[in-house]
Amino acid sequence: MELHNYRITAFCTIRGRSIRVNGKEFLGADPSTPLGDFLKLAYRKLAIDYPKFHKMDGLCKAIFIATELIARESGRYKHHTALIFANRSSSYISDARHAHDIFRADNPVASPATFVYTLPNIAMGEISIRHQLQSENVFFIFDRYLPEFLVPYANATLDNQQADASALCGWTEITEGQCDLLLYHIGTSGSQTHSIEYLKRLYNEEDE
Amino acid sequence: MKHDVYIIGDEAISPLGIGSELNFQRLRNNDRAIVPIMDTHLCDHTIYAARIDEGYWSHLINDAPHYTRLERLFILALQRLINRHDIPVDGETLVILSTTKGNVSLLGDPRAAFPEQRARIPAMAAAIGRYFGFENQPIPISNACISGSLAISVARRLLRYGGKYKRAVVVGGDELSKFIVSGFDAFQALADGPCRPFDRDRKGLNLGEAVAGVYLSTVPVAGAVKISGVGSSNDANHISGPSRTGEGLYLSIREAMDEAGDVALDFISAHGTATVYNDEMEAIAFQRCGLSAVPAHSLKGYFGHTLGASGLLETVMAIHSLKNSELVPSAGFAHQGTSQPVNIITQPTQRPLNAFLKTASGFGGCNIATIFQNV
């Protein structure tokens, strides 16, 4: 068994209508707030000017916001920061919209602006543009949060990097009805070890 | 400790037939799967696409009615790989599935024979896992058009650095659906005839469907092919268009070549979708890597763009090129049509082959390059 000494440098959760960074609340909204309105509130609170945000679907917006907040804690991302994401519903928000567009009885027509978001890895493309990450991306689809897979895979990815290990990883389940996101940056400094046990605890603690 | 990882088995199911040897033989015969299709369940006008015939294969698996069409294709490919190589379904076998859209054809379609829940990729993976009784639940990857090549890389990394897995089966598949056809059509990405990768007169892509897979091991056997280098980089430039400078693909190829060391590449199996921008981007990336003179093909002119299967299908065919010492021509090519020249293969050529480069690029700005060589 090899010893990995990678560290969680910062993390962000989006649960229901609450966004927390390193455990501290960044934004809370009434649970009845529609997803789009909630994400727009978060964008405003970031106080940045990035018009592309408004074109994104809910999955991309949520990942964009979490990625922005983590960078404020852990520092600017290195260009080689690997992206390792997973969720259950893939790009369901846009999939459902595109399916509705093409099967509706009156004037069925596909929209390129919707179709482009019918891939989950588009979110990784969006944050790669924003943070200039020329790195490897992988999007896994699991039926549940699975640190038992993600942690060993992230360790292998970090071992494969030549130096300055850096990865942004996590669970990004975002649909109209459910927000369950835990994103974290892994590097070589920080007080918490990147381990299955810690990431289970983090996911469950933040759920309370 | 790092282990070398080898491909020791492969499988392909396409409109050209069942089995990788048969598919390769069909390429040698210059058989092409792309035909005009007028089917209002896919599109309200004729499209050129490659579709797997119904019926001639469903009886080959048990309980076929319990599985969607795409699941049945995955099961058939896996069954053939497992039977041929006696692959254990125990905890040491990693199973990775690559797909861009899985059972998405069920979504929103009033004709669908399965509940919409089955359109979720984990439901498909669970159904396939149950069929074989894999101890490890199959791991799906959905990463646009690089999914197939990426799945090989992910499996390799887990075998290379991990202690848990001794072997991996990696299978990718996608099928034609109104969902996918309407989207590419809305993008005006579909050619109005057979596609022409890298040609001057290319006008877009043809969609296709296939399921293809490889069997990976850390133990080489006779005829094994080593995965000797992988690189993957995002363009960080645009979500739906390739980089004008080929930056992400250039970085990917460089990374793969650095890892592979001093390997002379005998040919390139390009992504070559036959869209104006993709092929131009690839030509620039190859030129920047000093690979303009290396013989290259795209197999999209035979199979169409098979999305999540493409990286796997085209890798499997390239492995058969190595085994048969034969370069396969790039169907649909007649005239140089990129700002940087690419040495497109136009005639079947017998010569000793040792190593090849496979590239893929996709929406979201993702790129991957993998180098394979004889052991």
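**Testing the terms**

Tutor: Helix H6 of chain B has 14 residues, and its first and last C-alpha atoms are 20 Å apart, close to the 20 Å expected at 1.5 Å a residue. Helices (H or I, at least four residues) and strands (E, at least two) are DSSP runs, numbered from the N terminus. This is a predicted model: local features need pLDDT of at least 70, side-chain atom pairs count only at pLDDT 80 or more, and totals for chains, interfaces and linings use all residues. Residues are numbered from 1 along each chain as its sequence is written, chains are lettered from A and ligands numbered from 1 in the order in which they are written, and side-chain values use heavy atoms, with hydrogens and water left out.

Student: How do you know what span to expect of helix H3 of chain A?
Tutor: The expected span is 1.5 Å times one less than the number of residues. H3(A) has 12 residues, so it should span 16 Å. Its end C-alpha atoms are 16 Å apart, which agrees.

Student: Why is B:Ala236 called buried?
Tutor: Buried means under 20% relative accessible area, exposed over 50%, and partly exposed in between (1.4 Å probe, protein chains only). B:Ala236 has 7%, so it is buried. It is found in the loop between strand E10 (225-232) and H6 of chain B.

Student: What makes B:Ala113 exposed?
Tutor: Its relative accessible area is 70%, so B:Ala113 counts as exposed. B:Ala113 lies in the loop between strand E5 (93-98) and H3 of chain B.

Student: Why is A:Asp164 called partly exposed?
Tutor: A:Asp164 has a relative accessible area of 48%, so it falls in the partly exposed class. This residue sits in the loop between helix H6 (147-160) and E6 of chain A.

Student: What makes the pair B:Glu175 and B:Arg69 a salt bridge?
Tutor: A salt bridge is a side-chain nitrogen of Lys or Arg within 4 Å of a carboxyl oxygen of Asp or Glu. The closest N and O atoms of B:Glu175 and B:Arg69 are 2.9 Å apart, and the pair forms a salt bridge. B:Glu175 lies in the loop between strand E7 (167-174) and H5 of chain B, and B:Arg69 in helix H2 (residues 69-85) of chain B, so the pair ties together parts that are 106 residues apart in sequence.

Student: Are these two partners buried or exposed?
Tutor: B:Glu175 is buried, at 7%. B:Arg69 is buried as well, at 15%.

Student: How do you know whether B:Asp90 and B:Arg167 fall in the buried class or the partly exposed one?
Tutor: B:Asp90 has 28%, so it is partly exposed. B:Arg167 has 13% relative accessibility, so it counts as buried. Their side chains meet in a salt bridge (3.0 Å, N to O).

Student: What makes A:Ser18 and A:Glu25 a polar contact?
Tutor: A polar contact is a pair of N or O atoms within 3.5 Å; within protein, one must be able to donate a hydrogen and the other to accept it, and residues adjacent in sequence count only if both atoms are side-chain atoms. The side chains of A:Ser18 and A:Glu25 make a polar contact at 3.3 Å. A:Ser18 is buried, with a relative accessible area of 17%.

Student: How many residues of chain B are in contact with chain A?
Tutor: There are 47, and they are in contact with 47 residues of chain A. Contact means heavy atoms within 4.5 Å.

Student: What area is buried between chain B and chain A?
Tutor: About 4,100 Å², and carbon and sulfur atoms give 63% of it. Buried area is the accessible area (1.4 Å probe) that two parts lose on being put together, summed over both. In chain B, B:Arg157, B:Tyr161 and B:Ile239 lose the most area to chain A, together 16% of what that side buries.

Student: How many salt bridges lie between chain B and chain A?
Tutor: The count is two. In one salt bridge, the side chains of B:Arg157 and A:Glu136 meet at 2.6 Å, N to O.
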